[in-house]
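Please keep the sequence and the model open while reading the points.

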Protein chains: 2
Amino acid sequence: MKTYKSIRLVSRPKPGPITTDLFKVEQKVIPTPGPEQILVKQTHMSLDPAMIGWMHSDTESYIPPVALGDVMRSSGLGEVVASNHSDFAVGDTVRGMLGWTEYLLSNGKGLSKLPPNVDPEMALAVFALPGLTATQGLFGFGDPKAGETIVVSGAAGSVGSIVGQLAKANDLNVIGVAGDQEKCDWICNELGFDGAINYKIDDIAVRLKELAANGIDIYFENTGGPIQHHVFDRMNTHGRIVVCGMISDYTSATPSAGPNWIPLIKKRISIRGFAMPDHFGDAAQLTEKLTPYVMSGKIKFRTHVLEGLESAMDGLNLFFNGGNRGKLIVKL
Amino acid sequence: MKTYKSIRLVSRPKPGPITTDLFKVEQKVIPTPGPEQILVKQTHMSLDPAMIGWMHSDTESYIPPVALGDVMRSSGLGEVVASNHSDFAVGDTVRGMLGWTEYLLSNGKGLSKLPPNVDPEMALAVFALPGLTATQGLFGFGDPKAGETIVVSGAAGSVGSIVGQLAKANDLNVIGVAGDQEKCDWICNELGFDGAINYKIDDIAVRLKELAANGIDIYFENTGGPIQHHVFDRMNTHGRIVVCGMISDYTSATPSAGPNWIPLIKKRISIRGFAMPDHFGDAAQLTEKLTPYVMSGKIKFRTHVLEGLESAMDGLNLFFNGGNRGKLIVKL
């Protein structure tokens, strides 16, 4: 009897790094699909900053938290290895919220088939949460116009890197904020950003003044932290702020203060928070919007691959310590 | 030779109350209109919280500050007392940015004629900045729906009182925040608000929990201050925050901190700052939207009338100390 591993969430995170004792690793016998069921062997598991939020239960959010005792929620790709379902054949690649598990049974609900010959890493790094989020956030809320200036925090992250490239493809002046020199070099030299700020060593205010000499029209917020205040101070009249992530505050005991609202009136600024589950119904249109950019080579990506299911637990900390180099994927 | 008085701004406000030494009162000879000019005798001068912002020069804003040495800017009503202009006859009532002056010459630009028999106090308290601002803010940005809950700060103020009544007429649960019992009684007993919070003595969090048991869908922000944080904490998913005024911060040396942005993501909240000059082009449509509410008796108002041009200077402080009882008007 062959076995497989899955990981359950058994405890809520406390302020500070994610620790492995929040989870329980289990070994189980690989099941056989019943009528209208398929057995999926997961091959690629996506790690996303949003998962940190799903582990908390304390506040209302856009989807329910992962219940204690449940397999940790995540999206991923897998191969159909046994099928009693007319829509799925053995060998099909499927995508969906597979969770932290090597195998799973499914009735096919919530799964979509990937076309053949799609690179699985591109599927997770671009044509999944990161690309859809970037497309919805930038075009749905950011209203980018050629010649405007956009600042993207978390610019080397999976979402930020796509936002910046989409903005560049639309002739904006694109400034990225990241946490080390390698990331700053990557977004400028490889992705074509116009400028980068290393928030750990640069004087953010001085650099923003240089790089956004005419002020900032769009702020795409992925991180929170002091960057937010510096960017806020340089927003232009009728500026748009799109709040996609606040990773720097997700694990702090006391969330940091936001900016005072007087400039919102003086400059008629809008701030819009969003989360993708509201827009999953638009996934087809978003993909259609994104595809030409990818096909014309305007969206580059890189992946940071961890090996083995258990690497996911500590892997989440890479979002906080900035250690990831590209879209985090766990290969199983 | 008859003379008249006008008041110039000669110094920028410092933190704290507005002092009369910021202004210079001048006595001049009443002029005679030249070709295509009219002479206007101002009868009613409007005092609005926005004027505090116009007196400051330090930050970018939606209209230029009043230049030092210029007559202080304000809107008002006046009577045409001499005319060489084909569009205006002696006896016409005109409205416009007349400024702090008893008389002024005009070529008619920026002035509009009031229909006969319009009550001048209603013209300034409803069919002017307060009513247009309330209509634009609530319907243009607040997206009110029957059954939702709205909280209005500065609820007994000229804008807030109209916002609340418009919301009530659209079957929302309307909660007003004001600074004393008389104002709370007025908005509930006279204007039909569903509840009122006296922020100076009530426990705001407890009262919000009682009055907004199902959370808050719209926050119409006129004041800033601690109310903002309590309301923000109870915002519902997809809530809308309309930022119209921040009077409690206009004179503080250090603006107070705003709320952290994480809930903007979790609850997909939007925040929209606005200022009416952006929407003056829509004044006709806004008036058309507002008129049926007024005509059907759903918009009540009261005025707080000061006497004489010089009373305007100290009158501005009524916005900070909450001493005003209704729309502030200076009768000349």
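This is a predicted model: local features need pLDDT of at least 70, side-chain atom pairs count only at pLDDT 80 or more; totals for chains, interfaces and linings use all residues.

The numbered points below take up domains, chain contact, helix packing and backbone angles in turn.

1. Domains of chain A. Chain A is divided into domain 1, made of 3-125 + 301-331, and domain 2, made of 129-279 + 287-293. Taken over C-alpha atoms, the centres of these two domains of chain A are separated by 28 Å.

2. Contact between the domains. In chain A, 17 residues of domain 1 are in contact with 15 residues of domain 2. On the side of domain 1 of chain A that touches domain 2, α1 (50-55) and α11 (318-321) each supply at least two residues. The residues of that side of domain 1 comprise 10 nonpolar, 5 polar and 2 charged.

3. Helices α6 and α7 of chain A. In chain A, α6 (residues 204-211) and α7 (residues 226-233) pack at an angle of about 40 degrees, and their axes are 10 Å apart. The helices α6(A) and α7(A) are therefore oblique to each other. Their crossing is right-handed. From α6(A), I204(A), A205(A) and L208(A) meet P226(A), I227(A), H230(A) and V231(A) of α7(A). This contact of α6(A) with α7(A) has 6 nonpolar residues, 1 polar residue and no charged residues.

4. Helix α7 of chain B. Which residues of α7 (residues 226-233) of chain B are buried? They are I227(B), Q228(B), H230(B), V231(B) and F232(B). Among the elements of chain B that cover the buried residues of α7(B) are the strands β8 (149-153), β9 (173-178), β11 (216-221) and β12 (235-243). The cover also includes the helices α6 (204-211) and α8 (262-266) of chain B.

5. Helices α3 and α4 of chain B. The helix α3 (residues 129-142) of chain B packs against α4 (residues 158-169) of chain B at an angle of about 50 degrees, with the axes 8 Å apart. This angle makes α3(B) oblique to α4(B). The crossing of α3(B) and α4(B) is right-handed. On the α3(B) side, the contact is made by P130(B), G131(B), T133(B), A134(B), T135(B), G137(B) and L138(B). On the α4(B) side, S158(B), V159(B), I162(B), V163(B), L166(B) and A167(B) take part. The contact of α3(B) with α4(B) counts 8 nonpolar, 5 polar and no charged residues.

6. Positive phi at E36(B). Most residues other than glycine have a negative phi. The phi of E36(B), however, is positive, near 60 degrees. E36(B) is placed in the loop between β2 (23-29) and β3 (38-46) of chain B. E36(B) counts as partly exposed because it has 14 C-beta neighbours inside 10 Å.

7. Positive phi at H238(B). H238(B) has a positive phi near 65 degrees. The place of H238(B) is in strand β12 of chain B. With 14 other C-beta atoms within 10 Å, H238(B) is partly exposed.

Key
Residues are numbered from 1 along each chain as its sequence is written. Chains are lettered from A and ligands numbered from 1 in the order in which they are written. Axes are lines fitted to C-alpha atoms, for helices over the stretch in contact, and angles run from 0 to 180 degrees between N-to-C directions. Helices (H or I, at least four residues) and strands (E, at least two) are DSSP runs, numbered from the N terminus. Angles under 35 degrees count as roughly parallel, over 145 as roughly antiparallel, 65 to 115 as roughly perpendicular and the rest as oblique. A crossing is left-handed if the near helix is turned anticlockwise from the far one by less than a right angle, and right-handed if clockwise. Two residues are in contact if their C-beta atoms, placed from the backbone, lie within 7 Å. Ala, Val, Leu, Ile, Met, Phe, Trp, Tyr, Cys and Pro count as nonpolar, Asp, Glu, Lys and Arg as charged, and the others, Gly among them, as polar. Domain bounds come from an automatic or database domain assignment. A residue is buried if 20 or more other C-beta atoms lie within 10 Å of its own, exposed if 12 or fewer, and partly exposed in between; C-beta atoms are placed from the backbone.
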